[in-house]
Amino acid sequence: MIELKELVKRFGDRTVIDRLTVTIQKGETFGLLGPNGAGKTTTIRILTMLTRATAGSVRIAGFSLPEDEQKIKSLIGVVPQFFNLDNELTAEENLELHGRLHHMDKAERRQRITSLLEYVELDDRAKDPVGKFSGGMKRRLMIARALLHRPQVLFLDEPTVGLDPQVRRRLWDLIRRMNEEGITVLLTTHYIEEAEHLCSRVAIVDKGRLIALDSPKELCHRVGQFVVEWTEADALRTQFFASREAAAQFVGTLSCAAAIRHSNLEDVFVELTGRKVTG
Ligand SMILES: Nc1ncnc2c1ncn2[C@@H]1O[C@H](COP(=O)(O)OP(=O)(O)OP(=O)(O)O)[C@@H](O)[C@H]1O
C-alpha cells in the first residue's frame, strides 16, 4: 500500500532521512518509532506532500509521487502533530470546511459529518466552538476530519502526544477500530507503549536511518525476551535472556538483588543505538 524506496531528505548539507526503504501492507497499523529528531515527521510530510524528497521514490496505493499528487491526495487522510483546527468555528463547521475543500457534495458532506461526529463520540458537541475543547477532543475531531473523504490510508503524526494516559487509551481504541474497518494506518510515535499496543509492525528509526523493522514481539525476541536488571556501583545494569529460566539462573549468580521483567521496544532501541527513545 505504501512503498518508500531509498528515500533521502536533506536540508542544506544535513541529511535527515538517509536511504529509508519500507513497504507497508494494506490493512496494517504500521509505526515509525524513534526519538525526537529521528526524521519521523519529515517522512510523514513527504508522504503527505508537504515537502519533497531529495531522492528516492514513494508509491501509495500504486500511485507515485510527485506525478500522481492529486490522486494520492484523495486517497489519504492526515492528522498532524499540532492542532490546526479553527478554534472560532464549531466542530461541525470545521468538518464542513474540510468537506468543501475536498469537493464533497452537500448531501454526502452532511451524512459523513453526522456519522463521523458520532464515530468519535463528539455528536453532542457538534455546535460548540472548538476553542472550548480539551486536547483529547480536538485530536478526535482531527481524526474525524481526516476520515471525512473516506481515505484508504491514514497518517497520524504523534497522535497522543501531550494527552493523559486515559485519553491516550481511548484514542488507541479509536485507531484500532478504524484499522479493523480496513484503513491502513501509518503512525509516528516516541511512546514505546503506543507502538507495542497498536502496531502490527514497527520501523525503528534513528538519525534518519532504519535500524530495525519487524513486529514488536519479534523485535523483543531478537534482543531476548527477558531482562535482568540490577544495580552495580550505583549504575543500573541489564542483561537479556531468551527464557525466564536462563534469566533466573543468572540472577542466582549475582550477589545483589535483581529484577526479572519482559523486554520491550525501549530495550531494543537501547541495544541497537546505546541511547533511549524517550531520553
Ligand atoms: N525545514 C527544516 N529545515 C531544516 N531542518 C529541518 C527542517 N525540518 C526538520 N528539520 C530537521 O530534521 C530532523 C528531523 O526532524 P523531524 O521533525 O522529522 O523529526 P521527528 O523524528 O519527527 O522528531 P519530532 O518527534 O521531534 O518531530 C531534525 O533534526 C530537524 O531539526
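Colleague: In this predicted model, which residue in β8 is the bridge partner of Gly-31?

Modeller: The partner of Gly-31 is Leu-187 in β8, and Leu-187 is also the bridge partner of Leu-156.

Colleague: Why is β8 called largely enclosed by the rest of the structure?

Modeller: A residue counts as buried if 20 or more other C-beta atoms lie within 10 Å of its own, and 6 of the 6 residues of β8, residues 184-189, are buried, so the strand is largely enclosed. Thr-184, Leu-186 and Thr-188 point one way from β8, while Val-185, Leu-187 and Thr-189 point the other way, and all are buried. In a regular strand the side chains alternate between the two faces of the sheet.

Colleague: How do you know on which side of α4 the buried residues lie?

Modeller: The buried residues in α4 are Arg-112, Ile-113, Leu-116 and Leu-117. They cover an arc of only 125° around the axis, which means that they lie on the same side of α4. The face turned away from that buried side carries Ala-107 and Gln-111, which are exposed. Helix α4 itself, residues 106-119, has 14 residues and reaches 20 Å from its first C-alpha to its last, close to the 20 Å expected at 1.5 Å a residue.

Colleague: What makes β12 and β13 edge strands?

Modeller: The open sheet has 3 strands in the order β12-β11-β13, with antiparallel pairing; β12 (235-241) and β13 (258-262) each pair on one side only, and are its edge strands. Neighbouring strands of this sheet are turned by 25° against each other on average, direction ignored. Strand β11, residues 226-232, pairs with β12 in the antiparallel sense over 7 bridges, and Glu-232 stands opposite Ala-235 in β12.

Colleague: Which residues are around the ligand, and how do they divide into nonpolar, polar and charged?

Modeller: Among the residues around the ligand are Phe-11, Val-16, Asn-36, Ala-38, Lys-40, Thr-41, Thr-42, Glu-158 and His-190. The shell divides into 3 nonpolar, 7 polar and 2 charged residues, and helix α1, residues 40-47, gives the most to it, with 3 residues.

Definitions and conventions:
Residues are numbered from 1 along each chain as its sequence is written. This is a predicted model: local features need pLDDT of at least 70, side-chain atom pairs count only at pLDDT 80 or more; totals for chains, interfaces and linings use all residues. A residue is near a molecule or strand if its C-beta atom, placed from the backbone, lies within 6 Å of it. Helices (H or I, at least four residues) and strands (E, at least two) are DSSP runs, numbered from the N terminus. Ala, Val, Leu, Ile, Met, Phe, Trp, Tyr, Cys and Pro count as nonpolar, Asp, Glu, Lys and Arg as charged, and the others, Gly among them, as polar. Two strands pair if DSSP finds at least two bridges between them. Axes are lines fitted to C-alpha atoms, for helices over the stretch in contact, and angles run from 0 to 180 degrees between N-to-C directions. The expected span of a helix is 1.5 Å times one less than its number of residues. A residue is buried if 20 or more other C-beta atoms lie within 10 Å of its own, exposed if 12 or fewer, and partly exposed in between; C-beta atoms are placed from the backbone. The arc is that of the directions from the helix axis to the C-beta atoms.
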